[in-house]
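This briefing covers the helix packing, the chain contact and selected residues of the structure shown below.

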Amino acid sequence: MAFLQIKSAGQIYFTKHSATPALEDISLSVKEGEFVSLLGPSGCGKSTLLSIISGLLRPTSGTVLLKGEKITGPHPKIGYMLQQDYLFPWKTIEENILVGLKLKKELTADKKNEVFSLLKQTGLYHTRNQYPSQLSGGMRQRIALVRTLATKPHLLLLDEPFSALDYQTKLKLEDLVSATLKKNQKTAVLVTHDIGEAIAMSDTIVLLSTNPGRLFCTFQVPLSLRRLSPFEARQHADFPLLFQQIWEELEQIEQNDSE
Amino acid sequence: MNKTTVNSAHARYLKKAKKENWIVRLMQFAIFIGFFAFWEISSRTEMIDPLLFSSPSRIFSLFITKMADGSLLVNTGITLFETILGFILGTLFGTVLAALFWWSPLFSKVMDPYLVILNAMPKVALGPILIVALGPNMGSIIAMGILISVIITTIVVYTAFRNVDPNYLKVIQSFGGTKKQCFFEVILPACFPTIVSSLKVNVGLSWVGVIVGEFLVSKQGLGYMIIYGFQVFNFTLVLLSLVMIAFLATIMYQLVEQIEKKLIRSR
């Protein structure tokens, strides 16, 4: 049985003057431990799809199943990481990373120590009494990762979490996230518009077309790249080949769209 | 650049800043002394009518007498109490109303036109109604102090509530947080600076409400002293009350500003 299953999900946005279909008939299944990237031009509804999976947005049609259980609202086993860190500026780093446990009223000494050891893994334990404004963008996004992992989600949803960072920080963070997820055997869905990032990080890449967002095609990343860390994968000979293939498909989507 | 040049440049910069600060203080002091000296002299030489405009020395001697018989302290205390209660309750009620609006968008939509009317309405015009409804006592004066600040606080704070980045709420919701948790974990702390700064505005508004209230009720307080002085043509009394109000309002504003600084710095 698939870990995560999306069954013909569709979403329509309504305003006073129009009804805009954003997603149409999306069916997708993700295996446990798999890293899937949703890739597509802006406006293809990939962030909408992520919101639907997270349970924050009810799809207009279709269903999402996590381990066979229907998702109807925010689920404790699903973690969500946003484009920017969105750390609460009025809370210290410690309060920020513990907020998930606090909201769930699960803040025990044991769990607190587990979160602290996660924080140590990211090398930011010394910042725990500081405020987010005292940290750099890359550090803040690392803290946001710890905050998301603190409640031990089985499925991690990443909504372009590296897009607001400079290139160097982004590459380092890709490695950190990839290593952390592999180590803890998490399943992840990443939304991105960066082809390189998708290839370097994922096992499967799903291309979405625009107007409305539909499943266009799926790529399996070869094992030669999957074994490597994102940074190493970018150096591998197979990387540009896959990049080229995906590039052509994306061109195709653009052409279809303009017709 | 080596360290000594940097240091000496910094020293020059500090010296210049200090000098400017000095000049500003000196000028402020000169205006203060000049104003009272001019007032005193023109009153004594009868350039202005001493019966109407009194003089600083007369006001001061009245201050001593009224302090001695205790009546000034009592009246000032009453006005101060009413004002503090007025602006704290005004800010509190305004925030609570804003919270209700945030909680129920439907309620806020329904109430929107009434809020506009109430905001446009000069609140002091409701004074007579208040006195009839609540009686000519301290209650209606405090109510006036609250009324004058509550609507504008509601509008300002509710706008701040709505302008909180929805992504912060998304974080809370993704952890399964409830609406109540959204409010207390995100909305309220995010808008805390706005609430404190509306406290600052409300200090001034509350003084207006309370003084007008005391005009109407005419029993006690600094507002009463003004209206009484006016009726018996004792303008020294009127001006003494004005000086007291100016003094206290400034102190109160400064206090709230200090509190604001402290609260904002701690984040």
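α4(B) passes α9(B) in a right-handed crossing; a crossing is right-handed if the near helix is turned clockwise from the far one by less than a right angle, and left-handed if anticlockwise. The helices named here are DSSP runs (H or I, at least four residues; strands are E, at least two), numbered from the N terminus. This is a predicted model, in which local features need pLDDT of at least 70 and side-chain atom pairs count only at pLDDT 80 or more, while totals for chains, interfaces and linings use all residues. Residues are numbered from 1 along each chain as its sequence is written, and chains are lettered from A and ligands numbered from 1 in the order in which they are written.

**Packing of α4(B) against α9(B)**

- Helix α4 (residues 71–103) and helix α9 (residues 179–217) of chain B have axes 7 Å apart and pack at an angle of about 140 degrees. Axes are lines fitted to C-alpha atoms, for helices over the stretch in contact, and angles run from 0 to 180 degrees between N-to-C directions.
- The two helices α4(B) and α9(B) are therefore oblique to each other. Angles under 35 degrees count as roughly parallel, over 145 as roughly antiparallel, 65 to 115 as roughly perpendicular and the rest as oblique.
- On the side of α4(B), the contact residues include T79(B), E82(B), F87(B), A99(B) and W102(B), and among their counterparts in α9(B) are F183(B), I187(B), N202(B), W207(B) and E214(B). Two residues are in contact if their C-beta atoms, placed from the backbone, lie within 7 Å.
- The residues of the contact of α4(B) with α9(B) comprise 10 nonpolar, 10 polar and two charged. Ala, Val, Leu, Ile, Met, Phe, Trp, Tyr, Cys and Pro count as nonpolar, Asp, Glu, Lys and Arg as charged, and the others, Gly among them, as polar.

**Packing of α4(B) against α10(B)**

- The axes of α4(B) and helix α10 (residues 222–231) of chain B cross at roughly 125 degrees and come within 7 Å, an angle that makes α4(B) oblique to α10(B).
- From α4(B), the residues N75(B), T76(B) and T79(B) make this contact, and from α10(B) the residues L222(B), G223(B), Y224(B) and M225(B).
- The contact of α4(B) with α10(B) divides into three nonpolar, four polar and no charged residues.

**Overall form of chain B**

- Chain B has 11 helices and zero strands.
- Its radius of gyration is 25 Å, well over the 18 Å that the globule rule gives for 267 residues, so chain B is more spread out than a compact globule. The radius is taken over C-alpha atoms, and the globule rule is 2.2 Å times the number of residues to the power 0.38.
- The C-alpha trace of chain B spans about 75 × 75 × 30 Å along its principal axes.
- Of the 267 residues in chain B, 32% are buried. A residue is buried if 20 or more other C-beta atoms lie within 10 Å of its own, exposed if 12 or fewer, and partly exposed in between, with C-beta atoms placed from the backbone.
- Among contacts in chain B between residues at least 6 apart in sequence, 72% join residues at least 24 apart.

**Contact between the chains**

- The contact joins 13 residues of chain B to 15 residues of chain A.
- On the side of chain B that touches chain A, the elements giving two or more residues are α8 (166–174) and α9 of chain B, and α8(B) gives the most, with seven residues.
- That side of chain B holds five nonpolar, six polar and two charged residues.

**Helix α1 of chain A and L50(A)**

- Eight of the nine residues of α1(A) are buried, so α1(A) is largely enclosed by the rest of the structure.
- L50(A) lies in helix α1 (residues 46–54) of chain A and counts as buried, with 22 C-beta neighbours inside 10 Å.
- Leaving aside neighbours within four places in sequence, L50(A) is in contact with L157(A), D159(A), V189(A) and V191(A).
- The C-alpha atoms of L50(A) and V189(A) are separated by 7.9 Å, and the two residues are 139 apart along the chain.
- Just after α1(A), G55(A) takes a positive phi of about 90 degrees.

**Residues other than glycine with positive phi**

- E46(B), not a glycine, has a positive phi of about 60 degrees. E46(B) sits in the loop between α1 (3–44) and α2 (50–53) of chain B and counts as exposed, with 9 C-beta neighbours inside 10 Å.
- S218(B), also not a glycine, has a positive phi of about 50 degrees. S218(B) is in the loop between α9 and α10 of chain B and counts as partly exposed, with 14 C-beta neighbours inside 10 Å.
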